[in-house]
Amino acid sequence: MREQKINMQGITKVYATDEMETHALRGIDLAIYAGDFVSICGPSGCGKSTLLSLLGLLDMPSGGSYQIEGKEVSGLSLSEAAYIRNEKIGFIFQSFNLIDELTVFDNVALPLRYRRQAVPKAELEARVMACLKTVDMTHRAGHRPNQLSGGQQQRIAIARALVGSPALLLVDEPTGNLDSRNGDAVMDMLCELNNNGTTLCMVTHDPRFADMASRKLHLLDGRILDADGTPLLQQASVDQQHAAPLRQVAP
Amino acid sequence: MISSKDFTTALYALSKAKGYAVTVVLTLGLTLGTLVAMFNLNFQILAAPLPYPEEARLIAATAAWLKPDGSINRPVATPKVITQIYQQSSDKLSDQALYGNSDFATLRDLPHSPSIPLVYTTPGYMRMYQMPLLHGRAFSREEDVGSQQPVAVISERLWRSQYNADPALLGQKIQIGQIAFTVVGIAAANFAEPKLFGPDTVHDVWLPWDFNGGFQLLSPSGLSRNLYYLAQLKNANDRLAFELEVRPQLDALFQQARSAANQGGPKFSVRFHATPLRQVLEGDSRQATLWMLAGSLVLLLIASANITNLILSRAARQQRTMTIQAALGAQRHHLLANVFAELCVLMTAALLLAFAIAQLAYVLLQWYATTTLPRLQELGFNLPTMLFAMAISLLLTLGFAQLISRQLNYRVLQQNLQSSGKGSGVQISSRIRQLLISAQVMLAAMLLVCACQVLSQSLAQLRQQIGFATADRYQVLLEDIAANPANVTSEVRAAQERQRGAELLQIRDLLLQHPAIADASLSTNAPVGFNGVSAGFAAYLRQANQQQTRLETRETRTDQHYLPMFDMPLLQGRNFTAQEVASQTPVLIINQALAEQLSPDGKVLGQRLYGSGNNQAFEIIGVTANRFLPAASGVDELPYRSYSPRAADNLLLQLKPGRQIDKKALNALLQQVSPQLRTLDIYSIEHNANQVLLRSSLAAAITTSLVLISFVLATIGTYGVLSYSVQLRRFELGVRMAIGARPTTILRQLLSENLKPVAAGLVVAALLLVALWLGLQHTTLVIELSAGGFALPLLLIVLITTVTSLLSVWDIIRKPAIYALQGQ
């Protein structure tokens with residue numbers, strides 16, 4: 001049996017303002033296993049980005065349980081969440097989000113520099129260069145992000161996401177800012193990483209890239225839809241979500 | 001074009017950013033208010049017209065007493081000689097007056113004998129200054145010098161407070177000394193009396209020059225500081241010609257008077273000076289008020305720099321709103337209109353607050369600075385000040401708007417739109433951020449260092465012990481109501497003085513037996529008098545007949561009770577004996593400063609000093625500790641002090657703790673010895689000293705406020721620039737947090753990054769301060785540097801940087817990373 005990396009049960013996210021509440025996620029059950037390549041798609045406003053933020057501990061759920069490698073993480077402090085994010089999760093953003101002032105090397109090294117235990121310099125260099133080699137960008141190590149093309153920047157972003165050996169790679173519209181050639185190259189790279197055992201969870205609009213995943217999840221109005229378009233969760237109301245039995249999405 | 005909708009929107013936006021709005025309004029209101037107040041003060045003193053017609057033709061003349069080498073010994077006037085000049089008149093004058101011997105006297109026609117300020121003058125004074133009269137008339141030409149007409153004009157204040165505003169007083173007599181004066185006029189309360197004897201000097205009675213008893217007693221060449229020869233020139237350009245015309249006449253008359261009196265010694269002379277009235281009234285306040293104006297301008301500039309940072313920070317926060325506006329089709333000028341409307345709202349509020357602050361400043365100035373600055377009572381709203389305040393506000397508004405306009409990068413906003421709100425955010429280079437921080441720290445450090453240096457100097461002066469006891473010590477002014485005919489022989493006068501001296505000694509001995517009195521002394525002066533004067537002048541020669549060894553001291557003639565009464569310790573030698581006081585033995589007690597001047601080791605007992613006029617030898621029998629009371633306004637202060645044994649007519653009392661003695665009790669006691677002596681007034685020496693120290697206290701209070709304002713400004717500015725810097729980095733920090741940076745890591749990183757520009761700012765500030773210090777070496781300003789004045793600002797800057805770093809990033813690190821990534 002494969003190791004369970006992610007286990008979400010009854011996850012909700014509510015954004016509240018003075019006037020109204022917006023239910024972005026209405027009880028998400030989701031399990032991701034080692035080596036999975038899960039794609040999440042759905043129309044705008046369905047909650048894809050919110051789900052990705054919760055998966056990446058960028059935000060905390062309003063309700064439900066969330067475990068990473070068996071450890072409950074839904075109630076962590078910001079500092080503890082940062083440690084988990086640093087050690088277990090790698091991010092690839094649509095707009096790369098490299099830091100302009102740092103070189104390519106330093107951008108990639110950044111997660112290691114935030115480690116709880118300082119990484120020895122030699123090991124850090126070796127890991128950074130290894131990641132850059134994976135994305136075929138070692139020759140650009142001393143450059144600044146603004147000296148690179150979009151495709152190159154995204155490859156650097158992938159290297160940065162990999163350098164910490166995360167349990168899960170979260171990918172947000174990786175090809176959104178790239179032309180088709182560079183987009184295809186990045187997707188090929190991600191597939192190759194998955195083939196080599198990296199667990200991936202990707203948000204995308206593009207059905208072509210969504211089909212490349214081993215599991216496709218459709219989101220609508222904050223719920224995961226079944227293959228026939230009905231929500232997997234059958235509770236009558238959102239209020240009952242926490243109490244209701246949860247069904248796990250089978251791999 | 002700005003519409004009312006823009007203002008409504010601006011008001012709503014500011015209501016959602018109360019901290020920002022309050023900070024901007026308070027900072028600008030406070031500093032602009034200070035600048036407005038200082039502008040008005042300078043306007044009143046330097047530019048506002050005097051309340052007299054044709055002020056350019058009005059002059060106030062006096063003389064300088066010159067040493068044999070031609071250098072000015074002291075500004076004085078020669079009352080009798082100037083009276084002769086007055087009587088000769090000049091064809092360059094259209095009017096003239098004598099004005100002087102401003103003093104206190106008791107109104108003896110009233111049962112409680114109130115002490116009132118009076119001055120002697122001639123009819124021209126009331127003409128030239130157009131004294132408005134509530135009732136009666138001014139002095140007439142028939143009451144000029146030599147007429148001996150006992151008439152008086154009194155103030156409306158005195159008329160109301162002491163005579164119940166009785167109209168029948170006109171034509172009645174009031175008793176001052178031995179003379180009954182007929183009241184011929186009551187000067188209206190709106191009479192703007194020219195404050196020639198100090199900014200806070202007012203008079204309640206004006207008497208004719210002929211009854212000027214103090215001057216009558218002077219020798220023909222006698223000198224006094226208490227006199228002005230006032231004149232109105234026919235032509236304002238004739239001032240120097242008039243001065244040159246009178247100068248030789250005055251000196252010739254002076255020399256004649258000295259020859260007639262067989263006055264030997266060095267050849268002193270007098271030099272006549274005719275000064276524009278405005279200049280005399282201004283006194284030495286011009287430099288002080290201009291410095292105050294410059295200081296307040298610097299404060300406003302620093303505040304503006306701080307506000308600039310805050311405004312930039314807000315603009316960075318508003319980028320998302322502007323992006324949306326641009327998406328909806330807003331052009332650059334639409335966005336600027338919003339910004340300008342918001343600035344207008346802020347500046348209007350700041351301007352209103354500034355007017356309130358300025359009013360408060362006027363009250364404080366009128367409260368604390370009336371003795372040092374002229375024309376404070378005239379401070380208030382006036383058109384030039386209003387226009388100045390509005391012009392400065394407008395300039396600031398336009399300046400800030402221009403700044404934001406430059407900052408507003410429409411193209412970047414468009415790019416933000418293209419990334420559909422998921423954009424990479426604007427990343428501003430660290431170099432620009434660090435430059436901003438460095439500039440802010442440099443300003444803050446300079447401001448804090450300057451303020452702290454001045455504060456430490458003021459506090460040191462306040463902490464300094466003054467060198468004599470003041471608690472329960474009182475100065476009693478006595479009035480001799482005996483007739484003092486001017487034409488008595490010197491022998492008769494000497495006999496009268498001997499008799500008065502004997503009576504005063506009896507009074508002192510009686511007082512020493514009084515159950516409320518611990519000690520009593522008869523001296524020429526109290527250690528600090530009600531008018532700030534602490535002693536007369538004396539001149540001694542270190543070697544007999546050697547005028548070049550002359551040195552001047554501040555001398556008190558006193559008895560054996562003086563030094564013990566004021567706890568003034570004798571460092572060497574002994575006190576006077578009763579016998580020495582009675583016989584006026586030529587011995588001296590001097591202070592440590594003079595002792596060290598005479599002999600480097602300060603051992604001077606037995607040494608002799610010689611009278612500068614008659615070469616009489618004085619033996620030094622004691623040395624007292626120095627005293628450290630700053631000079632009162634307008635009073636010359638010398639470091640050297642001497643005490644000679646001779647009882648004088650200033651009664652000094654030390655009461656037993658908790659006991660009191662009033663005028664009535666003292667008068668009853670005086671009556672036992674002499675019916676001619678009355679208590680004129682009783683002054684607390686503690687109060688006298690506090691009055692003199694008020695300047696230092698005021699300086700300390702002002703500089704403490706300055707340090708606090710500097711600290712607040714520095715904090716606001718540093719927070720503004722750091723907040724701005726963090727806002728620009730919000731997205732970048734979000735990315736860092738997304739890949740695992742903890743809140744403490746972000747804070748630590750910010751602190752370490754901020755310390756570099758902070759250090760750079762401190763270095764630049766240090767260099768500028770050194771340059772400033774070197775520049776000040778070429779001025780008359782004396783700067784004593786203190787280590788604390790450097791250490792405290794350094795600590796404060798580090799504290800401010802740490803706290804504001806935390807505050808500026810707190811909003812980001814206390815929320816999950818997604819908020820920063822989404823620009824929330």
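Helix H4 of chain A spans residues 121-134 in this predicted model. Helices (H or I, at least four residues) and strands (E, at least two) are DSSP runs, numbered from the N terminus. H4(A) has 14 residues and reaches 20 Å from its first C-alpha to its last, close to the 20 Å expected at 1.5 Å a residue; the expected span is 1.5 Å times one less than the number of residues.

The buried residues of H4(A) are A:Val128, A:Cys131 and A:Leu132. They lie on the same side of H4(A) because they cover an arc of only 100 degrees around the axis, the arc being that of the directions from the helix axis to the C-beta atoms. A residue is buried if 20 or more other C-beta atoms lie within 10 Å of its own, exposed if 12 or fewer, and partly exposed in between, with C-beta atoms placed from the backbone. Helix H3 (104-113) and helix H5 (150-162) of chain A are among the elements that cover the buried residues of H4(A). Contact here means that the C-beta atoms of two residues, placed from the backbone, lie within 7 Å. On the face turned away from the buried side, H4(A) carries the exposed residues A:Ala122, A:Glu123, A:Ala126 and A:Lys133. After H4(A) comes A:Asp136, with a positive phi near 60 degrees.

The strands come next. Strands of a sheet pair through backbone hydrogen bonds, either parallel or antiparallel. Two strands count as paired if DSSP finds at least two bridges between them. In chain A, four strands form an open antiparallel sheet in the order S2-S1-S4-S5. Its edge strands, S2 (21-33) and S5 (71-72), each pair on one side only. S5(A) is joined to strand S4 (residues 63-68) by two bridges, and A:Gln67 has A:Glu72 as its bridge partner.

Strand S8 (residues 200-203) of chain A has parallel partners. Four bridges join S8(A) to strand S3 (residues 37-41), and four join S8(A) to strand S7 (residues 168-172). From S7(A) the chain crosses through helix H6 (residues 180-195) to S8(A) in a right-handed β-α-β crossover: with the strands pointing away from the viewer, the path from the first strand over the helix to the second runs clockwise. In S8(A), A:Leu200 and A:Met202 point one way, A:Cys201 and A:Val203 the other, and all are buried.

Chain B has 23 helices and 22 strands. Of its 824 residues, 41% count as buried.

Residues are numbered from 1 along each chain as its sequence is written, and chains are lettered from A and ligands numbered from 1 in the order in which they are written. In this predicted model, local features need pLDDT of at least 70, side-chain atom pairs count only at pLDDT 80 or more, and totals for chains, interfaces and linings use all residues.
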